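The tour below moves from one selection to the next.

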Amino acid sequence: LWLAVGLDRSRTENCLVVWDITQSIAKQNVSSLLLRRVTTPAYESSKCEGVLSLSWHPEQPMIACGTSYKWLRLYHLTSSHTPVMTINASVKGVTSVQFDPFNSFRLATTSEDATIKVWDTRYKRDPSI
């Protein structure tokens with residue numbers, strides 16, 4: 001079980017922060033978890049660019065992130081803190097991202113330039129639609 005938050009741009013802080021709630025619960029009993037905040041993130045990334053939208057992959061511990069600087073980034077949460085895919089998805093900020101629940105390779109984005117694009121994550125090129 002994961003919990004993610006996308007934050008506004010900051011010069012010193014990461015704007016994508018993810019906590020692994022399952023690990024936190026396994027290390028503690030429930031009553032102590034309710035009294036204590038889970039403060040240590042399992043994953044942090046996206047320094048210096050605001051996160052406008054997030055979407056969880058339907059099958060893998062992966063998250064798609066739309067940023068205020070026109071980027072669509074995919075992060076695999078069990079690997080390094082660098083994106084496994086970075087796509088220049090727009091000329092302005094990517095306001096929403098959503099994985100297709102019926103095809104886990106497909107991902108849709110909308111952006112501040114009023115475009116809707118559908119991507120196939122197996123290919124790091126132009127949108128498929």
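This is a predicted model: local features need pLDDT of at least 70, side-chain atom pairs count only at pLDDT 80 or more; totals for chains, interfaces and linings use all residues.

Begin by selecting His57, which lies in the loop between strand E4 (51-56) and strand E5 (62-67). His57 counts as buried because its relative accessible area is 10%, under the 20% cut-off. Now show the polar atoms around its side chain: a polar atom of that side chain lies 3.1 Å from the backbone nitrogen of Gln60, and the side chain of His57 also reaches the backbone oxygen of Ser104 at 3.2 Å. Once residues up to four places away in sequence are set aside, His57 touches Met62, Phe99 and Ser104.

**Phe99 and the core**

Select Phe99 next, and display its contacts beyond four places in sequence, which include Trp56, His57, Pro58, Leu74, Ser104 and Leu107. Phe99 is also a member of the largest nonpolar core, a set of twelve residues that includes Met62, Leu72, Ile87, Val97 and Trp119. At least two residues of this core are supplied by each of E5, strand E6 (71-76), E7 and E8, and the largest share, three residues, comes from E8. A second, separate core of nine residues can be found by selecting Cys15, Val18, Tyr43 and Leu77, which are among its members.

Colour E8 and strand E9 (residues 106-111), which pair in the antiparallel sense over five bridges and form a hairpin with six residues between them. To inspect one of the pairings, select Val97 together with Thr109, its bridge partner in E9. Then extend the selection to strand E10 (residues 116-120), which pairs with E9, again in the antiparallel sense, over five bridges; here Ala108 has Val118 as its bridge partner. The hairpin of E9 and E10 has four residues between the strands, and Ala114 in the turn has a positive phi of about 65°.

Which loop holds Gly93? Gly93 is found between strand E7 (85-88) and strand E8 (94-99), and with a relative accessible area of 1% it is buried. Select Lys70 along with Gly93: the two are 23 residues apart in sequence, yet their C-alpha atoms are 4.3 Å apart in space. Leaving aside neighbours within four places in sequence, Gly93 is in contact with Leu52, Thr67, Ser68, Lys70, Thr110, Ser111 and Glu112.

Conventions:
Residues are numbered from 1 along each chain as its sequence is written. Side-chain values use heavy atoms; hydrogens and water are left out. Buried means under 20% relative accessible area, exposed over 50%, partly exposed in between (1.4 Å probe, protein chains only). A polar contact is a pair of N or O atoms within 3.5 Å; within protein, one must be able to donate a hydrogen and the other to accept it, and residues adjacent in sequence count only if both atoms are side-chain atoms. Contact means heavy atoms within 4.5 Å. Two strands pair if DSSP finds at least two bridges between them. A nonpolar core is a set of buried Ala, Val, Leu, Ile, Met, Phe, Trp, Tyr and Cys residues joined through side-chain atoms within 4.5 Å.
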